[in-house]
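Subject: Structure handover

Hello,

Here is the structure I promised to pass on. Please open it first, then read my notes alongside.

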Amino acid sequence: MDRGGIELNGVRYRWPPRPVVVVCIDGGDPAYFDQGVRDGIVPNVARFIKTGFGAVADGDVPSFTCPNNMSITTGSPQSVHGISGNFYLDRDSGEAVVMTGPELLRSRTIMAEFSRRGARVVSITAKDKLRRQLGKDMDLSGGSVNFSAECADQCTLPETGIENALALTGMPLPHMYSPELSLFVLEAGIKLLADRRPDILYLSLTDYIQHKYAPGEDEANRYYRNLDETFGRFDTLGAVVALTADHGMNDKSNADGSPRVIWLQDVLDARFGEGAGTVICPITDRFVAHHGALGGFVRVYCHGRLDPEDVMRVTRSLRGVEAVYDKVTAARRFDLPLDREGDVVVISQADTCIGASEADHDLSGLEGHRLRSHGGVSERKVPFILNRPLRAEYAARAAAGSLRSHQIFDFAINGVDPA
Ligand SMILES: [Zn+2]
């Protein structure tokens, strides 16, 4: 076992002197902790902020799940790891391609590097879609594991490093769209921390609750109370606990409760002719029930003679649009891989989301709930919380501002005193 630590994307990570648990609270807008601390819902988190460290950091834009999970676990921006959306358009086939394939990931993860040096690493994700990227190049031969709560009943030793992960918690297999999917991840992490004393744990949750319920609502409070209770148990087990999120969440509904949407494909079809440009909503696939695949960031791909400048001019004038960028400017501004960028990027204001064609989005899954979603600049703020105080050097870095969520492993591994 090499106790010298690792180096990845310009950051040196020492060998963790005690177990480090990084939790990515999917959709964990800072407003949930703010409200929870005020209302006494999250006593452990309140204590961490008081006696450890608590701040709000910037996540990456687009403020989506896959890009930010990979930023956090590679300690790098999207231009380095290459995952700049949940979806992109394959220009050759004209098809929207899901960006969860490990072959699309251009960096090793911190988990992969440590596992390959003989560290014991635990990576658990709520939804299976993230599992293969999170586990890319991980060495599972030395007791490291990488599995999802969604498929906890299908684990095999060669594929996930663990058999029968379902038996870890005593919980039944959780439903794909449920708060239990996240709680399973945390309970399994606690069990593995207690039994195997891993060096590093990365636990990635699902934003099912945050898409449906605002801070302070009963269901949100129940969920956050449960999360907080598990954070307290990680703390009691002696781990460094680091909490962040992949993105925040905003209400994007009209006063009457209907979603406030710009149907951009319809706008462009009417203005430039059908098929002149393609709008890709890189939030996720269109079948996801609780947000109808509506987010705050879309890419437009221009075909034939359609000029990106014309698309930009038309979209800039739309109500609810916050910013429009050409490909090069978007890539520079948000540190995105240029070769995977659309011709035009359109970002909505906090209270509005952008869809493609109204006919293609199924909003029945909202079931009367107000639409809450993410993707834009207005949802990039995320919590950055540690259960231990920072060493002086790291406290100074945090105080200097511009804290980024992809620094959380650096801060959790290198930034706190080993004692
Ligand atoms: Zn997410």
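Strand E3 (residues 20–24) pairs with strand E9 (residues 200–204) in the parallel sense, over 5 bridges. Val23 stands opposite Leu203 in E9.

Before more detail, some ground rules. This is a predicted model, in which local features need pLDDT of at least 70 and side-chain atom pairs count only at pLDDT 80 or more, while totals for chains, interfaces and linings use all residues. Residues are numbered from 1 along each chain as its sequence is written, and side-chain values use heavy atoms, with hydrogens and water left out.

Helices (H or I, at least four residues) and strands (E, at least two) are DSSP runs, numbered from the N terminus. Two strands pair if DSSP finds at least two bridges between them.

Back to the sheet. It is open, with 7 strands in the order E4-E19-E10-E3-E9-E7-E8, and the pairing is mixed. Strand E4 (53–58) and strand E8 (145–148) stand at the edges. Each has a single partner strand, so one side of each is left without a neighbour in the sheet. Neighbouring strands are turned by 15° against each other on average, direction ignored. Helix H1 (residues 30–38) lies across E4, strand E10 (240–244) and strand E19 (381–386), running at about 55° to E19. Angles run from 0 to 180 degrees between N-to-C directions, and axes are lines fitted to C-alpha atoms, for helices over the stretch in contact.

**The four-stranded sheet**

Here 4 strands form an open sheet in the order E13-E14-E16-E15, with antiparallel pairing. Which strands stand at the edges? They are strand E13 (277–280) and strand E15 (321–326).

Take the pairs in turn. 4 bridges join E13 to E14, and Thr278 stands opposite Tyr301 in E14. Another 4 bridges join E14 to E16, where Arg299 stands opposite Val345 in E16. Then 5 bridges join E15 to strand E16 (residues 344–348). Val345 in E16 is the bridge partner of Tyr325.

Is E14 mostly covered or mostly open? It is mostly covered: 6 of its 6 residues are buried (under 20% relative accessible area with a 1.4 Å probe, protein chains only; exposed is over 50%, partly exposed in between). Phe297, Arg299 and Tyr301 point one way from E14, and Val298, Val300 and Cys302 point the other way. In a regular strand the side chains alternate between the two faces of the sheet.

Helix H12 (residues 308–316) lies across strand E14 (297–302), E15 and E16, at about 170° to E15. Helix H13 (residues 327–334) lies across E15 and E16, at about 110° to E15.

**The nonpolar cores**

A nonpolar core is a set of buried Ala, Val, Leu, Ile, Met, Phe, Trp, Tyr and Cys residues joined through side-chain atoms within 4.5 Å. The largest has 49 residues. Which of them touch the most other members? Tyr13, Val22, Phe114 and Phe409 do. Helix H15 (residues 408–414) gives the most to this core, with 5 residues.

Look at Val22. Leaving aside neighbours within four places in sequence, Val22 is in contact (heavy atoms within 4.5 Å) with Ile72, Leu201, Tyr202, Leu203, Ala242, Ile408, Phe409 and Ala412. A second, separate core of 45 residues includes Val21, Ala152, Ala165 and Leu192.

Best wishes
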